[in-house]
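Trainee: Hi! Could we go through this one together? I'd like to start with how the chains meet.

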Amino acid sequence: MKRRDYLKAGLRDGFPIGLGYLAVSFTFGIMGKNAGISAWEAVLISATNVTSAGQFAGLSLMTAQASYLEVAVTQFIINLRYCLMSCALSQKLDAKMPFFHRFLISYGVTDEIFGVTVSTEGKLSPFYSYGVIGIAVPGWVLGTFLGIISGNILPARVISALSVALYGMFIAIIIPPSRDNKVVAGIVLSSMALSFVFTFAPLLKEISSGFRIIILTLLIAGAAAALFPIKDEAKEGPSYGA
Amino acid sequence: MEHNIYIYILIMAGVTYLIRMLPLTLIRKEIKSTYIKSFLYYVPYATLAVMTFPAILSATANIWSAAVGFAVALILAYQKKSLISVSLISCASVFLVELITGI
């Protein structure tokens, strides 16, 4: 495939992400308006951070006039899961890939963009990443802008419906390989079950969602790797039939 | 404002970017350990599954439309439909359920 084909494939797979981002960042824009920041500031936050939970938390800390250190630590904890994702993604990159591609790809390691880029077949082309980022991030920024300049451009029903777009995508990534691979199916099922327990069980529910993701990922992927180490031919990583 | 909003934004963006960038620039070789390789292979499935459920159930206006959207996505994904169809048809089913039930 040529660069342009990778770019196109990325734009295609990034489209549902952009759509979902539009809905989520719209609510961020509305929150920003309530917190009293300007449209420019909200857009700047979205364009430089591109992370939902981190931005929502950051906004409430700003409103509370929290210390800079507090903001840094909170971002670190909430976004630490990206470190795991980047580690996994690093194995999808050609060892000879130049640094500037790595710097640019890093900008777009979000839950969703990671999800589609890590599940491409073979090595990851940076241009595929740029395609996904190129349509997803504008969706994120535009949604923020629309949310802050007007809380009611999109009817509540449409926002509600679009809110499942990102989850629908996650499901489209994890379910097809679960059909073919029993270990993956077991991981998906136990992850959902434990996530459910951690969300509602007393004490466990006090753990923030960022930490919940880190703890359960380490636990489940760690146990699966010990019990079911994969042989060399499977090392190219997961793929989905898009 | 006592604190400067631009410094806030700079700190948020800087911390977040470093978390994403360091592994991608520091790990440039293929990892040889079978355990770590297997672990990293399994990471996305665990992470995405943990993030999806039960969060999807509280994403929409009510749990019923969310449950339908979840079920529709599961069925379509099981049939190996494309990313975008799974995502959009799931959104459409949420929309329809909320329209019909009037919630």
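Trainee: How many residues of chain A and chain B are in contact?

Mentor: Keep in mind that this is a predicted model. In it, 109 residues of chain A touch 72 residues of chain B.

Trainee: And what area do chain A and chain B bury between them?

Mentor: About 8,200 Å², with 74% of it on carbon and sulfur atoms. The size of an interface is often given in this way, as the accessible area lost when the parts come together.

Trainee: Which side chains meet in a salt bridge?

Mentor: Those of A:Asp180 and B:Lys80, at 2.9 Å from N to O. The count between chain A and chain B is one salt bridge.

Trainee: Okay, helices now. At what angle do helix 10 of chain A and helix 4 of chain B cross?

Mentor: Their axes come within 8 Å and cross at roughly 140 degrees. That makes helix 10 of chain A oblique to helix 4 of chain B. The crossing is right-handed.

Trainee: Which residues meet there?

Mentor: From helix 10 of chain A, A:Ala165, A:Gly168, A:Met169, A:Ala172 and A:Ile173; from helix 4 of chain B, B:Leu83, B:Val86, B:Ser87 and B:Cys91. By class, this contact has seven nonpolar, two polar and no charged residues.

Trainee: New topic: the backbone. Where is there a cis peptide bond?

Mentor: Between B:Phe53 and B:Pro54, with omega about 5 degrees. B:Pro54 sits in the loop between helix 2 and helix 3 of chain B.

Trainee: And what is the phi of A:Val50?

Mentor: It is positive, about 45 degrees, although A:Val50 is not a glycine. You'll find A:Val50 in the loop between helix 2 and helix 3 of chain A. Most residues other than glycine have a negative phi, and most peptide bonds are trans.

Notes
Residues numbered from 1 in each chain as written. Chains lettered and ligands numbered in written order. Predicted model: local features only at pLDDT ≥ 70, side-chain atom pairs only at ≥ 80, totals over all residues. Heavy atoms only, no water. Axes fitted to C-alpha atoms, helices over the stretch in contact; angles between N-to-C directions. Helix = DSSP H or I, 4+ residues; strand = E, 2+ residues; numbered from the N terminus. Parallel < 35°, antiparallel > 145°, perpendicular 65-115°, else oblique. Left-handed = near helix turned anticlockwise from the far one by under 90°. Contact = heavy atoms within 4.5 Å. Nonpolar A, V, L, I, M, F, W, Y, C, P; charged D, E, K, R; others polar. Buried area = accessible area lost by both parts, 1.4 Å probe. Salt bridge = Lys/Arg side-chain N within 4 Å of Asp/Glu carboxyl O.
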